Structure formats: structure tokens, C-alpha cells
Amino acid sequence: AKEFDRKIVFEDGSEYYGYSFGARADRVCEAVFNTSPVGYQEIVSDPSYTGQLVAMTYPVVGSCGVCDEDYETKIPALGALAVRDYNDQPSNFRCTKTLSAMMEEYGIPGIYGIDTRKLGSLRDEGSRRCFLCAADMPAAEAVEAIKNAPVLRDAVKRASSRMKWYSKTAHPKYDVAVVDCGVKLSVVRSLNKRGCNVTVLPYNASAEEVLAADFDGVLFSDGPGDPRDAAESVELMKGLLGKVPVFGTGLGHLILAAACGGKINRLKFGHHGGNYPVRDVKTGKIEITAQNTLYAADERSLAKTPLTVTHVNVLDNTADGLEYAGGRAFSVQYAPDAAAYERFTALMEENRNA
């Protein structure tokens, strides 16, 4: 039998042995799990996972290879990937390379052959830091490396564009600014599809710059980490509220909460996957959503802000949708669906005609 050559060591000294794929690199990461049975390329290239090790609960990963049209960012920044079984012989007519080759290209290490069901204990014990390293490294040495590694505080800065860029569409109806806290390319494409010319701005753009450009609306994107580490984006949100239609998704939802004085809590194990039920408070209808966050807005603190909770997570009652008093800003914690984009375009149309 092939000998294990890699392992994951957690802060408590527990070890999970497996085999290497992707880049051959040691990496200290925060470990989270994702419950999605499909879409591993979108997960690996999602900027919201910057610096994190993602353990996939679905057992076989790699069967579709990697397709050029499916990236969520141009340069993936995932910390590492852990899977039960890795398939290096993909069967897909759109495939341009294997998952392992893509990970090697972008310096992302992987480990396969571990018991990801046991790793699912992250759900019981909460998200923890870990070290992906050589199988023969002493556990005590690995634990010491975790303790000495700096905690990632600049995830949004790392995930954001450095310069503004554009994505235009034929026959545009609206000009939209996207504040890039770690924007997914599918969000930009969704706006283009709805007649929006998009200008993507860095996370630390100024309110004066945005207002001077006279955009029809501003979208604050999803992204990695704690919104309190993205103080520039929170200040930008404060400067725009009430002056231009605003839509926040994922991290943008938390930035709206923080800008209005809401408290942000770290969740025990977060929401990571494509199957989270969310209830619309007005209609009572349940939507099944994709989410990726380790933080939530504290509902009790929101009572003292100009925000109303519009959507609630059925599993843990966290506030998954917010609306700003006066209705010119709203947000969702999850990946926006067609209804959310249509609400945003309707808000821009209403504001234009006011």
C-alpha cells in the first residue's frame, strides 16, 4: 500500500493522514467544511475562502476537471483543499485541465485519502486552525507552528482588486459600481445579464469617488473574513446610505449591519454549502440558499439600528436578510438569486424616476 506523505494537524494535536495533490506546500489555515455535492471548482476559486482549508464532505472530487468558464476569480487564493477521494482522470467535454494541475498552478496544496466524515467534527467543535504538512513532521512541532502563525487579518485586502476594472454589456440600462471585497465573477455576469454596465472598485474606494461617478446603484460583494477587518468598506457604506441604492451580498450584508451599528458575532462553525433554508419574514416562504460565512449579524443589536430583518436562517435563526429604513438599501447573507437581482434593478429604476 502507498505510504501516507501528508497530514493535517489541528491545534489539539489530532492528526489526519493522507496523500498529496495540487501544490506541494506546507500551510497553516483556518479549517472549514463545505457540504455542496457539486461545484468544487467554484468553491476552490471563491475569494471568500481566501487563506482557508476547505474540507469537502462530498466524497469524490475532481471528476469534471477544471473548465475555463467556471472560475469565480482570476487568481484563486484558497488556503488548501481536503477530500476523501481525488479523481485525476476527469470526464467532461469542457475540461481544460485537472483540478490538481490548477491547484499546482496557483500554489494551492491538497490532501486526499483522509476520513472527511471524521473531519466533519468541525461542526461539533467549531472551526479551528490547522497545519497541512509532511506526514513525518512531529505533531508537537506542527502545533507550535500553528501557534506561531499570524492570524489572517487582511483577507479582504488580499481578495480585492487593486485597480478598478470594467465589465460592460450590450444595450445597458444601468451603471452599477461593485465594491470588490472578494467579488465572484458570476455576480458580475449576473449584473451584465440584467442590463448593467459594471465598474468594479477596490474595497477601500472613497464615498466621494463613488458619488461623483453618479452610479445608478452600488453592490457590496461577498468576501472573506471578518467585516470589522474591512473598516474602509464599512466607512464607504456609511457614506453611501440614503444617497444611492445599495445592495449587499454575503460579506456586504455584514458590512451593512456594521455600518448601521449592528454587532457582528463569529459563528461556531459557520455556514458553508448550497443547502441552507432561509425564511422570508414577509411571505413565510422558504428559499434554499448557498452560503459561505463564519460571521453573522447579532439580531438583538439590530433592533437599535435603522435596519429591519427580512430573512431568517431556519437552522439557527441568524439574520440572513436586512433592509435599511426608507428602503434604498438591502442585503442578503447568501449568494443572491434572481429575485434579489431583480429587486436591486427595480430599486435603481424607482430611484431614477423619483
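**Reading sheets, a helix and a buried serine**

Author: At 0% relative accessibility, Ser45 counts as buried. The model is a predicted one.

Reader: Where does Ser45 lie, and which residues is Ser45 in contact with, leaving aside neighbours within four places in sequence?

Author: Ser45 belongs to the loop that connects α1 (40-44) with β4 (52-56). Apart from neighbours within four places in sequence, its contacts are Asp70, Tyr71, Glu72, Thr73 and Pro76. The side chain of Ser45 also reaches the backbone nitrogen of Glu72, at 2.9 Å.

Reader: Next, the strands. In what order do the seven strands of the closed barrel run?

Author: Strands of a sheet pair through backbone hydrogen bonds, in either the parallel or the antiparallel sense. Here the order of the closed barrel is β1-β2-β8-β6-β4-β3-β9, and the pairing is mixed. On average, neighbouring strands of this sheet are turned by 35° against each other, direction ignored.

Reader: Take β8. Do β2 and β8 run parallel or antiparallel, and in which sense do β6 and β8 pair?

Author: Strand β2 (residues 15-22) is antiparallel to β8, and four bridges join them. Strand β6 (residues 80-83) pairs with β8 in the parallel sense, over three bridges. Gly110 in β8 stands opposite Phe21, and Gly110 is also the bridge partner of Leu81. Ala82 stands opposite Ile111 of β8.

Reader: What is the order of the 10 strands in the open sheet, and which are the edge strands?

Author: The order is β10-β12-β11-β13-β14-β19-β18-β17-β15-β16, again with mixed pairing. Its edge strands, β10 (165-167) and β16 (286-297), each pair on one side only. Neighbouring strands of this sheet are turned by 25° against each other on average, direction ignored. Within the sheet, four bridges pair β11 with β13 in the parallel sense, and Val176 has Gly217 of β13 as its bridge partner.

Reader: Which strands do helices α9 and α12 lie across?

Author: Helix α9 (residues 231-240) lies across β11, β13 and β14, at about 155° to β13. Helix α12 lies across β11, β12, β13, β14, β18 (319-324) and β19, at about 125° to β11.

Reader: How does the span of α12 agree with its number of residues?

Author: Helix α12 has 16 residues (338-353), and at 1.5 Å a residue these should span 22 Å. The end C-alpha atoms are 23 Å apart, which agrees.

Reader: Which residues of α12 are buried, and why do they count as being on the same side?

Author: An α-helix has 3.6 residues a turn, so residues three or four places apart point the same way. In α12 the buried residues are Ala340, Tyr341, Phe344, Thr345, Leu347 and Met348. Because they cover an arc of only 150° around the axis, they are on the same side of α12. On the other side, Glu350 and Asn353 are exposed.

Reader: What covers the buried residues of α12?

Author: The covering elements include the strands β11 (174-180), β12 (196-202), β13 (217-220), β14 (246-249) and β19 (329-332). Helix α7 (185-193) is also among them.

How values were computed:
Residues are numbered from 1 along each chain as its sequence is written. This is a predicted model: local features need pLDDT of at least 70, side-chain atom pairs count only at pLDDT 80 or more; totals for chains, interfaces and linings use all residues. Side-chain values use heavy atoms; hydrogens and water are left out. Helices (H or I, at least four residues) and strands (E, at least two) are DSSP runs, numbered from the N terminus. The expected span of a helix is 1.5 Å times one less than its number of residues. Buried means under 20% relative accessible area, exposed over 50%, partly exposed in between (1.4 Å probe, protein chains only). The arc is that of the directions from the helix axis to the C-beta atoms. Contact means heavy atoms within 4.5 Å. Two strands pair if DSSP finds at least two bridges between them. Axes are lines fitted to C-alpha atoms, for helices over the stretch in contact, and angles run from 0 to 180 degrees between N-to-C directions. A polar contact is a pair of N or O atoms within 3.5 Å; within protein, one must be able to donate a hydrogen and the other to accept it, and residues adjacent in sequence count only if both atoms are side-chain atoms.
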